[in-house]
Amino acid sequence: MKTYLVIGAERSGIAVTQALLSRKQSVVLTDTKDFNVIAKASPKIAEAFEALPKTHLSCFFGSQIPKTAISGISAVIPSPGVPLTIPIIKEAKKRGIPVISEVEAAFRMTDTPFIGITGTNGKTTTTALTGEIFKRDSRYQHVYVVGNIGNAVSYYVNESTASDLYVSELSSFQLETTETFRPRAAAILNLSPDHLDRHGTLDNYYKAKAKIFQNQTPDDILVINGDDENVLKYTEKAVSKKITFSLSRRVVPGVYQKDKAVYLAQGDNPEEDLCVCKVSDIFIKGPHNVMNAMAAIALTYFSGVPVELIREGLKTFKGVAHRQEFVATIDGVDYINDSKGTNTDATITALKAMEKPTILIAGGYDKKEDYTELMGYIKDKVKYMILLGDTAKNIAATADKCGFGAYTFVRDYPEAVKTAKEKAESGDVVLLSPACASWDMFANYEDRGDLFKQLVKS
């Protein structure tokens, strides 16, 4: 029997603990938060914890676990949000004890094939759409949409088989501690500055993303954004079969846009290219969603899904929660939940889609981003800005430098929504798109978005 140290008693930590215990392994589960705090924030987590078999489980809650606890540990499995610089992880690395992600651990516990999707923005939408298309393919008994979206991969390893498929959204946090993980098809959607608080440099961040293809072979597929110089640079050494997508040019083999339609190209003759659909047929709108759709087309078509099923998926997929999600129209004001806007690029994308005067709610956990470029879009699109969280003063300072003074600070989300309702007039939009992560105030962006929706409707 091996003993694993699982750090973080949230969704992925509980799931991998359950999977390991079911395989008669021993687990030490730890979290710096007291478990009563975790349970209060998420009753579902509390319920899952209570259901764990306790025979080979020991727990350490409420503070950092001492470094001496590493003795006898076979591997450390930190949850994605756990910094790799905490003392216990440093000690594990010093002793040569493997530090692996929950995704890596799950990959070792299953023979179910993987589709992996990463990138700075668009991961959730692309993963959900890709999953919906694969679900139409009768080759797979079950298609599980997992990872950084929905349930952790480990949640399903006891029931999934080789006849199933995992379609997984993968963050840099999940990928940087992979070792053997190998998706049969992978996609890197885009690469732009994010998570500098965690990775230190852009190079480290981009290299973490690039680990999605590190174990692929020429038999595997790598879908890349042909319009993104960073993606092209960091995928140069990939040995897998590259499939490119582009809004601006014909790419072979690949997926591209031309004359308001989306085409598949496999050979040298453009006359033989296959029209997948008109852009207007794609239910989710906007150029960014055309890019997401092209990535999904490439992943599914070059994995053998018939184009007819792909068309059906594109026409019916209605998007995902927390990504430019319409909440309600109240007194002529539209409320939009874009809580998944956890970096400046994502919020810029959301602002580009706004066609009405916008009240923007922004701010959150500090990932050391520069807000200067974002401010250009705020000056163009935003009528008033409501700021809160760790980054509120940083965003305000950038706004002042750029000549935008229409903002105020609030303490919490009830005050933010109350202020937004007071500032908004009929014909306006209230947009929650924080440009920051949620961890200063919430467990995740879903909790943040759910509270926003609740407050809007209350």
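## Packing of α16 against α17

In this predicted model, helix α16 (residues 413-423) packs against helix α17 (residues 445-457) at an angle of about 45°, and their axes are 10 Å apart. The two helices are therefore oblique to each other. The crossing of α16 and α17 is right-handed.

On the α16 side, the contact is formed by Tyr413, Pro414, Val417 and Lys421. Helix α17 contributes Arg448, Leu451, Phe452, Leu455 and Val456. By class, the residues of this contact comprise seven nonpolar and two charged, with no polar residue.

## The buried side of α14

Helix α14 spans residues 372-381, and its buried residues are Leu374, Met375 and Ile378. These residues lie on the same side of α14, because they cover an arc of only 100° around the axis. Glu373 and Asp380 are exposed on the other side of α14.

The buried residues of α14 pack against two helices, α13 (344-353) and α15 (392-401), and against two strands, β16 (358-362) and β17 (382-387).

## Packing of α13 against α14

One of these partners, α13, packs with α14 at an angle of about 20°, the axes being 9 Å apart. The angle falls under 35 degrees, so α13 is roughly parallel to α14. The crossing in which α13 passes α14 is left-handed.

From α13, the residues Thr344, Thr347, Ile348, Leu351 and Lys352 meet Glu373, Leu374, Tyr377, Ile378 and Lys381 of α14. The contact of α13 with α14 divides into five nonpolar, two polar and three charged residues. Leu374 and Ile378, which take part in this contact, are among the buried residues of α14. Glu373 also meets α13, although Glu373 is exposed.

Asparagine 158 is located in the loop between strands β6 (143-147) and β7 (165-169). The residue counts as partly exposed because its relative accessibility is 47%, a value between the limits of 20% for buried and 50% for exposed.

When neighbours within four places in sequence are left aside, asparagine 158 is in contact with Ala19, Ser22 and Arg23. Isoleucine 97 is 61 residues from asparagine 158 in sequence, and their C-alpha atoms are 26 Å apart in space.

Note on methods: Residues are numbered from 1 along each chain as its sequence is written. This is a predicted model: local features need pLDDT of at least 70, side-chain atom pairs count only at pLDDT 80 or more; totals for chains, interfaces and linings use all residues. Side-chain values use heavy atoms; hydrogens and water are left out. Axes are lines fitted to C-alpha atoms, for helices over the stretch in contact, and angles run from 0 to 180 degrees between N-to-C directions. Helices (H or I, at least four residues) and strands (E, at least two) are DSSP runs, numbered from the N terminus. Angles under 35 degrees count as roughly parallel, over 145 as roughly antiparallel, 65 to 115 as roughly perpendicular and the rest as oblique. A crossing is left-handed if the near helix is turned anticlockwise from the far one by less than a right angle, and right-handed if clockwise. Contact means heavy atoms within 4.5 Å. Ala, Val, Leu, Ile, Met, Phe, Trp, Tyr, Cys and Pro count as nonpolar, Asp, Glu, Lys and Arg as charged, and the others, Gly among them, as polar. Buried means under 20% relative accessible area, exposed over 50%, partly exposed in between (1.4 Å probe, protein chains only). The arc is that of the directions from the helix axis to the C-beta atoms.
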